[in-house]
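The following briefing concerns a single protein model and is arranged by topic for computational use. Please examine the sequence and the coordinates alongside the text.

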Amino acid sequence: MKIRFYLNDQAERIMALWSESRGEYLAADSVLAEADACICGETGSCGEEMKRIASFLDSAAAKAVNPEWMIDTALPCSPSKLVCLGKSYADHAKEFDGDSVQEPAVFLKSPSAITSCSDVVLYPPGCDKLDYEIELAVVIKDVLKNASPEEAARAISGYTLMCDYSERANQLEHGGQWTKGKSYDSFAPMGPTFISADELGDGSGIPLELKVNGEVRQSGNTDGLIWPVPRLIAYVSRFMTLWPGDVVSTGTPGGVGMGMKPPVYLKPGDAVEWGSPAFGFASQAVVIDDEG
């Protein structure tokens, strides 16, 4: 099941679901509550509810989404936390610092950084090392604590994509935690589609691509993860309890700006395109944050 959430022109959240028979996204606001409950694990009959939603898509009540008056929202849920993994791909770990990786890095991005994949990327004042990282993001539906990989796999509601924007100077050169270089407003755009775990499985075999001004910078696949997705989720649950609706972003393949020789960072006016065939592609413009 593929789902996209939207704001209409009254800023009310509605939902659009993919209809295989029609070959298009259809508005389905009358089943929003049921879908939200399914995604966040609040119902024990997720499969039956999703079948009912799919049936709705082919009813006369469904209306086609009008892109002229809807914009994408970031997520189908409001996470209590956004957990990110670093150096989880061997090629990115090598370009990051060259060290051998025994365990993935874990850090948090502030939920206030979450935005829509159709929004602009804000270039913060004083920023001169703005970087990009396309990632597969996992939405959790069950409470997880000290979980096994098998338990973690069963707790995955579905997947979306995230671009983990980073200000590398504040991340790496000014002491403290990575979080302060990762949590600016607009630094965690997500989308453009949520795909259920029933359809996408364990998150393996997903191609990821990112372009800057039309030039391919990242071209990877989740098969390049050092640890499979369920094992990464289980790993995170050792250090914190994951709640329904929480998001875990699984890290990025190689090709980031800081890994180029010399490093090439984003500048105002750049266009960043990222995505995957299964999820679709987002296009974002980098603009100066004039509000400071």
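The accessible surface of the protein chain comes to about 12,400 Å², with areas taken from the Shrake-Rupley method with a 1.4 Å probe and, for residues, only the protein chains shown counting as cover. Carbon and sulfur atoms account for 50% of that surface. This is a predicted model, in which local features need pLDDT of at least 70 and side-chain atom pairs count only at pLDDT 80 or more, while totals for chains, interfaces and linings use all residues. Residues are numbered from 1 along each chain as its sequence is written, and side-chain values use heavy atoms, with hydrogens and water left out.

**Overall composition**

- Of the 292 residues of the protein chain, 53% count as buried; buried means under 20% relative accessible area, exposed over 50%, and partly exposed in between (1.4 Å probe, protein chains only).
- The protein chain holds seven helices and 19 strands, defined as DSSP runs numbered from the N terminus (helices: H or I, at least four residues; strands: E, at least two).
- Among contacts (heavy atoms within 4.5 Å) between residues at least 6 apart in sequence, 74% join residues at least 24 apart.

**Nonpolar cores and cysteines**

- The largest nonpolar core has 77 residues; such a core is a set of buried Ala, Val, Leu, Ile, Met, Phe, Trp, Tyr and Cys residues joined through side-chain atoms within 4.5 Å.
- Leu130, Tyr159, Tyr165, Ile233 and Trp274 have the most contacts inside this core.
- A second, separate core comprises five residues, including Tyr6, Ile14, Tyr25 and Val65.
- A search of the whole structure for disulfides finds zero, the criterion being a pair of cysteine sulfur atoms within 2.5 Å.
- Cys127 is buried at a relative accessible area of 8%, and Cys163 is buried at 0%.

**Helix H7 and its cover**

- Helix H7 (residues 229-236) is mostly covered, with seven of its eight residues buried.
- The buried residues of H7 are Val229, Pro230, Leu232, Ile233, Ala234, Tyr235 and Val236.
- Their cover includes strand S6 (82-86), strand S7 (105-109), S11, helix H4 (149-154), strand S12 (156-163) and strand S17 (247-249).

**The open five-stranded sheet**

- An open sheet of five strands has the order S9-S19-S18-S15-S16, with mixed pairing; two strands pair if DSSP finds at least two bridges between them.
- Strand S9 (121-123) and strand S16 (215-221) stand at the edges with a single partner strand each, so one side of each has no neighbour in the sheet.
- The twist averages 20 degrees from one strand to the next, with axes as lines fitted to C-alpha atoms (for helices over the stretch in contact) and angles running from 0 to 180 degrees between N-to-C directions.
- Strand S15 (residues 207-212) runs antiparallel to S16 and is joined to S16 by six bridges; Pro207 stands opposite Asn221 in S16.

**Two buried strand residues**

- Val286 lies in strand S19 (residues 280-288) and counts as buried at 2% relative accessibility.
- The C-alpha atoms of Val286 and Val121 are separated by 4.7 Å, although these residues are 165 residues apart along the chain.
- Leaving aside neighbours within four places in sequence, the contacts of Val286 include Val121, Tyr123, Leu130, Leu266 and Val272.
- Ser157, in strand S12, counts as buried at 9% relative accessibility.
- Among the residues that Ser157 touches, not counting those up to four places away in sequence, are Cys38, Ile39, Val139, Phe194 and Ser196.

**Backbone geometry**

- Most residues other than glycine have a negative phi, and most peptide bonds are trans.
- The peptide bond from Gly191 to Pro192 is cis, with omega near -5 degrees; Pro192 is found in strand S14 (residues 188-196).
- The peptide bond from Lys261 to Pro262 is also cis, with omega near -5 degrees, and Pro262 is placed in the loop between S17 and strand S18 (271-276).
- Lys87 has a positive phi near 55 degrees; this residue lies in the loop between S6 and helix H3 (90-96) and counts as buried at 16% relative accessibility.
- Asn146 has a positive phi near 50 degrees; this residue lies in the loop between S11 and H4 and is exposed, with a relative accessible area of 53%.
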